[in-house]
Amino acid sequence: MLYPLKRHLRCAQAQPFLVLCWLLMARMRAPGKGTLKWLKPYLLPTLHSWTPLRMLRAGQWDAEAVMCDMATATLRALPPPSDGVLSLIGESTLQDKRGRQHPLGHTTRHSAHDPSTFGFEMVLLVASWGRLRVPVALTMMDPAMKGQQNILLRQLLKDVVPPTWGRQVVMVTDAGFAAQATLHLMTENHYTYVFAMPRTRKFTHGTHLRDLVQHVPQSSYHRHASHTPDGRRRDSWVFLRRATLHHLGDVTIVLSKKRRTDGPKGVKMLVTTRTEASAGAMLSIDAWRWGVKVTMKALKSGLHWGRGT
């Protein structure tokens, strides 16, 4: 099963493919921390302690290509959904670090309520359907490059090959990935998308989306039910409108808020090309984005991801 990954490990003398196979087997068997120290009892006695470390740090193998091939094989092996709809969820996550020597580390904050934290950011792409979530691609961001998260997301989408049963692919992500080139890539690949759109986007007649959010009266919002991936019901007050956006064409705009009396700052805006879907269906699709947080928690706590790599 792992033999197709051998083409991504180029050093024949050090035999990194065999070391990688032993590391994967040890990671599945080890119950403790995911560090190389805890994996040592589950490796071959003839493997020195520095051999896996040298293999991981060497530049003679492509880690992103290995993960992409493993994810593709996993998608083909899992049972497909009955409707043939595959959701691709893109999200950026922050890995906290204590030391200041990380080459890609920088100080940032995610919101006005969060304190400034130091760490490095990663772009993660997760394939989801039903109750299944499979991380298919991962790459780190360089803080010195402006707009790199959109560039990395487009590269990940080009590398990932959807399974044959995916008759329809829905891309779900937040407003930070709603760049013009990213939306055009969705159209070229014939993907439908549900994006949280920034309010600076314009209509064809010149007004902005923030003007729509500001002037829609409370009486225009209606209560709709949506469902989270674990089946729980969530009610929101929703306003739906068909419109034509600049450079995007005909789309469906969904404005939602938790309470009917919330002001414009509490309104969440979704834009989708699925014109036939209802407001509740759009909110349910957007709720799948929280599956990325659950996936990151499972990778960090269950598999100790980020501690041993």
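Me: Where is Pro-115 found?
Reply: Pro-115 sits in the loop that runs between β2 (106–108) and β3 (117–129). Helices (H or I, at least four residues) and strands (E, at least two) are DSSP runs, numbered from the N terminus. This is a predicted model, in which local features need pLDDT of at least 70, side-chain atom pairs count only at pLDDT 80 or more, and totals for chains, interfaces and linings use all residues. Residues are numbered from 1 along each chain as its sequence is written, and side-chain values use heavy atoms, with hydrogens and water left out.

Me: Is Pro-115 buried or exposed?
Reply: Pro-115 counts as exposed because its relative accessibility is 59%. Buried means under 20% relative accessible area, exposed means over 50%, and partly exposed lies in between (1.4 Å probe, protein chains only).

Me: And what does Pro-115 touch?
Reply: Not counting residues up to four places away in sequence, Pro-115 touches Thr-108 and Arg-109. A contact here means heavy atoms within 4.5 Å.

Me: How far apart are the C-alpha atoms of Pro-115 and His-208?
Reply: They are separated by 31 Å, and the two residues are 93 residues apart along the chain.

Me: Let us step back. How many helices and strands are there in the protein?
Reply: The secondary structure comes to 9 helices and 10 strands. The C-alpha atoms fill a box of roughly 75 × 45 × 35 Å, taken along the principal axes.

Me: What share of the residues is buried?
Reply: Of the 309 residues in the protein, 44% are buried. The accessible surface comes to about 17400 Å², and 55% of it belongs to carbon and sulfur atoms. Such areas come from the Shrake-Rupley method with a 1.4 Å probe, and for residues only the protein chains shown count as cover.

Me: How many positive and negative charges are there?
Reply: The protein has 43 positive and 19 negative charges, and their mean positions are 6 Å apart. Lys and Arg count as positive and Asp and Glu as negative, while His and the chain ends are not counted. Each charge is placed at NZ of Lys, CZ of Arg, CG of Asp or CD of Glu.

Me: On to α3. Which of its residues are buried?
Reply: The buried residues of α3 are Thr-51, Pro-52 and Met-55. Seen down the axis of α3, they fall within an arc of 95°, so they line one face of the helix. The arc is that of the directions from the helix axis to the C-beta atoms. On the other side of α3, Arg-54 and Arg-57 are exposed.

Me: What covers the buried residues of α3?
Reply: The cover includes α1 (16–29) and α2.

Me: Where does Tyr-42 lie?
Reply: Tyr-42 lies in the loop between α2 (36–39) and α3 (50–57). Tyr-42 counts as partly exposed, at 25% relative accessibility. Residues up to four places away in sequence aside, Tyr-42 touches Trp-22, Ala-26, Arg-29, Ala-30 and Pro-31.

Me: What about α8, how many of its residues are buried?
Reply: Helix α8 (residues 279–287) is mostly covered, with 8 of its 9 residues buried. Among them are Met-282, Leu-283 and Asp-286.

Me: Which residues is Lys-268 in contact with?
Reply: Neighbours within four places in sequence aside, Lys-268 is in contact with Val-254, Leu-255, Ser-256, Asp-286 and Arg-289. Lys-268 lies in strand β10 (residues 268–272) and counts as partly exposed at 30% relative accessibility.

Me: Why does Ser-87 count as buried?
Reply: Ser-87 is buried because its relative accessible area is 1%. Ser-87 lies in strand β1 (residues 85–96). Leaving aside neighbours within four places in sequence, its contacts are Val-126, Ala-127, Ser-128, Val-170 and Trp-288.

Me: Last one: what is phi of His-190?
Reply: Phi of His-190 is near 60°, a positive value in a residue other than glycine. His-190 lies in the loop between α6 (180–188) and β6 (192–196) and is exposed at 71% relative accessibility.
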